Amino acid sequence: MTDWGELAERAAEEAGCFARCPDHPKSLLAFDLRDDLLAQRQQAAWEGFVKALSENGFEGNPDALQGELIFVLQSVDEACPVCGATAPLPANPDHRRPPHPWAS
């Protein structure tokens, strides 16, 4: 039987929704991206997940399994809980999330 959660995680990773800690690959790390770019990646993850469901024999409405993808997307951390590593910053500074107004 197919693990829908694994398909969701793979789709989100391929869409660039998170990075993995190099030393603890089960730790999913959040990219510091602008909200609009993150939304684009999350949409691409959804489209990839729907395609993967179809390719793996799921015949129902994909919306019934959207919780699998939501769970993955909500499971990312700012830093690895084991070692504190963070995802690399986007190479393009314009893609980074702007600093919070209260940050100094």
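Ser27 counts as buried, at 9% relative accessibility (buried means under 20% relative accessible area, exposed over 50%, partly exposed in between, with a 1.4 Å probe and protein chains only). Ser27 sits in the loop between strand S1 (18–20) and strand S2 (28–30). Leaving aside neighbours within four places in sequence, Ser27 is in contact with Ala19, Arg20, Cys21, Cys80 and Pro81 (contact means heavy atoms within 4.5 Å). The model is predicted: local features need pLDDT of at least 70, side-chain atom pairs count only at pLDDT 80 or more, and totals for chains, interfaces and linings use all residues. Residues are numbered from 1 along each chain as its sequence is written, and side-chain values use heavy atoms, with hydrogens and water left out.

Ala19 belongs to strand S1. Ala19 is buried too, with a relative accessible area of 12%. Beyond the neighbours within four places in sequence, Ala19 is in contact with Ser27, Leu28, Leu29, Phe31, Ala87 and Pro88. Ala44 is 25 residues from Ala19 in sequence, and their C-alpha atoms are 16 Å apart in space.

The protein chain has three helices and two strands (DSSP runs numbered from the N terminus: helices are H or I, at least four residues, and strands are E, at least two). From the N terminus on, the order is α-β-β-α-α. The C-alpha atoms fill a box of roughly 50 × 30 × 20 Å, taken along the principal axes. Of the 104 residues, 29% count as buried. Among contacts between residues at least 6 apart in sequence, 66% join residues at least 24 apart.

The largest nonpolar core holds 17 residues (a nonpolar core is a set of buried Ala, Val, Leu, Ile, Met, Phe, Trp, Tyr and Cys residues joined through side-chain atoms within 4.5 Å). Ala12, Phe49 and Leu69 touch the most other members. Helix H1 (4–14), helix H2 (35–55) and helix H3 (66–74) each supply at least two residues of this core. Another core, of five residues, lies apart from it, with Ala19, Cys21, Cys80 and Ala87 among them. Neighbours within four places aside, Phe49 is in contact with Trp4, Leu7, Ala8, Ala11, Leu65, Glu68 and Leu69.

In H1, the residues Trp4, Gly5, Leu7, Ala8, Ala11 and Ala12 are buried. They lie on the same side of H1, because they cover an arc of only 160° around the axis (the arc is that of the directions from the helix axis to the C-beta atoms). An α-helix has 3.6 residues a turn, so residues three or four places apart point the same way. The cover over the buried residues of H1 includes S1, H2 and H3.

Asp35 lies in H2. Asp35 counts as exposed, at 55% relative accessibility.

The largest pocket has a volume of about 220 Å³ (on a 1 Å grid over the protein atoms alone, a pocket is an open set of points where a 1.4 Å probe fits, with protein on both sides within 12 Å along at least five of seven lines; lining residues have an atom within 4 Å of a point). Of its 13 lining residues, Ala30, Phe31, Asp32, Glu78 and Arg97 are the closest to the centre. The lining divides into seven nonpolar, three polar and three charged residues.

Terms used:
Points joined across faces, edges and corners; volume = space filled by probe spheres on them. Nonpolar A, V, L, I, M, F, W, Y, C, P; charged D, E, K, R; others polar.
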